[in-house]
Amino acid sequence: MPNSTFRLTRRKFLAAGAVAAAAPTILSSPAKAAPSERITVGVVGLGSRGFNLLDDLLGSSDAQIVAVCDVDTMHYRDQTWGKGREFGLKAGQEYIDQKSGSKTGVSTTRDFRDICNRDDIDAVVVATPDHWHALCTLEALRGGKDVYCEKPVTHTFHEGQTVYREVAKQEAIFQTGSQQRSDWRFRRAVELVRNGHLGKIHSIEVGLPPGYDNPQGDPTVAKPPEHLDYDFWCGPSPMLPYMRARHHRWWRGHRAYGGGVLMDWIGHHNDIAHWALDLDQSGPVKVEAVGWTFPDTDVYNTPHQYEIECEYEGGAKSSISSRNRLGLRLIGDKGWVFATRGRIEASQPTWIEAKFDPGSEKAYASDNHMHNFLSSVRTRRPCICPAETGHRSITPGHLAYVSQALGRALKWDAKTETVVNDQAANELLQQHHYRQPWG
């Protein structure tokens, strides 16, 4: 079992404050860290995204995975049994051993609390469905762990506030899995805005994929498979009848477990919009859901097509919509820039050339999201996408669901995080119901 050498060092870094923040990152060293010096990590959630994060961790000499957790022993995501890649607890353990080339001794558990409360673990990675993000994160934080949590950072608005305040209370390092912040194309778009090349920004077009318009898998209600602890999988959310169309991969289509494709993607492209506009701790002044359509099935209850209109202080207006081009377009009175995964365009082509220097206003630079987290665990420098940032980036989505429910626009006070003069809206925004015994 890994020893606690690094854990003691980490606490010294925490107490060192500014000195620690200025310390050089160990990740820059070409020498491989000794096992006793590695950051020990537990991973909760071993679906497709969880396996991506396993790869990130296994590719770092600075981290050692010591424990993994999932409530499903083995599955094939949305594929027919036995077809495609294996996921789940057993598959995760075997994959780590396979990639490491030997038996690693990584432990397995079906209960995330076993990982969150282990004294020999420094950091916890949360890659569960959305409805588990907050409870897993809070358990890890209160167990003295740093946390990397997938986006959207939480399922509900109230959970988001609770998480970022607990991160501050625990003086923990937290990274939201909005990995686009660690892509140079999005960073270039941000720096073009910050250095005034586009002039005053007046319009933002955020394009997200449409939601599910029909069942994405078999909607037949069935008995949960024996390899799955379905009651634990549902956890704090309602235990809806089990069906493949609402389980692996497709769970986010129902509000019990996720916020639809809208909430899945708003933490990506709208996150970059907020970054460019320097709104990581702020937000819009007005939000309204317009033109939402819903699937003609009771399997899902999240929107298929949707738009969220936002207004910001200073007059800029934003459209977050499934009808916009996938990506982010920032438009000013001097030009525009468009960024999406693997592509960047601009009204002035020289702006996006590798050799072009946007100017003195530099955005936080990260070229590897997981490495940025591991570096921050050592140095105690905040990550590129900390908890409050992740929460603020998806707040327009939370507000839009309330706007849609009430049928009206909402005036938003980002400083107090309340809807102005609208008790019903604030009650809906703070609403969350946990199934017992979770709370």
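Strand 8 (residues 286-293) and strand 9 (residues 305-311) run antiparallel to each other and are joined by 6 bridges. One of the residues in this pairing is A289, whose bridge partner in strand 9 is I308. The model is a predicted one. The two strands belong to an open sheet of 9 strands, in the order 13-12-11-7-10-9-8-14-15, with mixed pairing. At the edges are strand 13 (343-346) and strand 15 (418-419), and each of these pairs on one side only.

A helix also lies against this sheet. Helix 8 (residues 184-194) packs on the sheet and touches strand 7 (201-207), strand 11 (327-332), strand 12 (336-340) and strand 13. The direction of helix 8 makes about 160 degrees with that of strand 12.

## Confidence in the model

The mean pLDDT of the chain is 92, and 92% of the residues reach 70 or more. Residues 1-32 have a pLDDT below 50, and this stretch has 50 contacts in the model beyond near neighbours in sequence. Where pLDDT is low, the predicted coordinates should not be read in detail.

Is A289 buried or exposed? A289 has a relative accessible area of 12%, and the cut-off for buried is under 20%, so A289 is buried. The residue is found in strand 8. Apart from neighbours within four places in sequence, A289 is in contact with E307, A400, S403 and Q404. N214 is 75 residues from A289 along the chain, and the C-alpha atoms of these two residues are separated by 22 Å.

T389 is placed in helix 12. Its relative accessibility is 5%, so T389 counts as buried. Leaving out residues up to four places away in sequence, T389 touches R181, D271 and D280.

Strand 2 (residues 63-69) and strand 3 run parallel and are joined by 3 bridges. Within this pairing, V68 stands opposite T108 in strand 3.

In strand 4, V126 stands opposite V44. Strand 4 is also joined by 4 bridges to strand 5 (residues 146-149), again running parallel. The bridge partner of V125 in strand 5 is Y148. Which residues of strand 4 are buried on its two faces? A123 and V125 are buried on one side, and V124 and V126 are buried on the other, which leaves both faces of strand 4 covered.

## Aromatic rings

A pair of aromatic rings is described by the distance of the centres and the angle of the planes. The count for this model comes to 17 aromatic pairs. One of them is the tilted pair of W132 and F232, at 5.8 Å centre to centre and with 50 degrees between the planes. W132 is in the loop between strand 4 (123-126) and helix 6 (133-142), while F232 is in helix 9 (residues 230-234); the pair links parts of the chain 100 residues apart. W132 and F232 are both buried. Together with F112 and W438, W132 and F232 form one aromatic cluster.

What kind of pair do the rings of W292 and Y401 form? Their centres are 5.3 Å apart and their planes stand at 90 degrees, so the pair is edge-to-face. W292 lies in strand 8 and Y401 in helix 12 (residues 387-406), so the pair ties together parts 109 residues apart in sequence. W292 and Y401 are both buried.

## Charges over rings

The ring of Y401 also has a charge over it: the charged end of R255 sits there, 3.7 Å from the ring centre. The charged end of R252 sits over the ring of W251, 4.3 Å from its centre.

Methods: Residues numbered from 1 in each chain as written. Predicted model: local features only at pLDDT ≥ 70, side-chain atom pairs only at ≥ 80, totals over all residues. Heavy atoms only, no water. pLDDT = per-residue confidence, 0-100. Contact = heavy atoms within 4.5 Å. Pairing = 2+ DSSP bridges. Axes fitted to C-alpha atoms, helices over the stretch in contact; angles between N-to-C directions. Phe/Tyr/Trp six-rings, centres within 6.5 Å; stacked < 30°, edge-to-face > 60°. Buried < 20%, exposed > 50% of the residue type's maximum accessible area, 1.4 Å probe, protein only. Lys NZ or Arg CZ within 6 Å of the ring centre and 35° of its normal.
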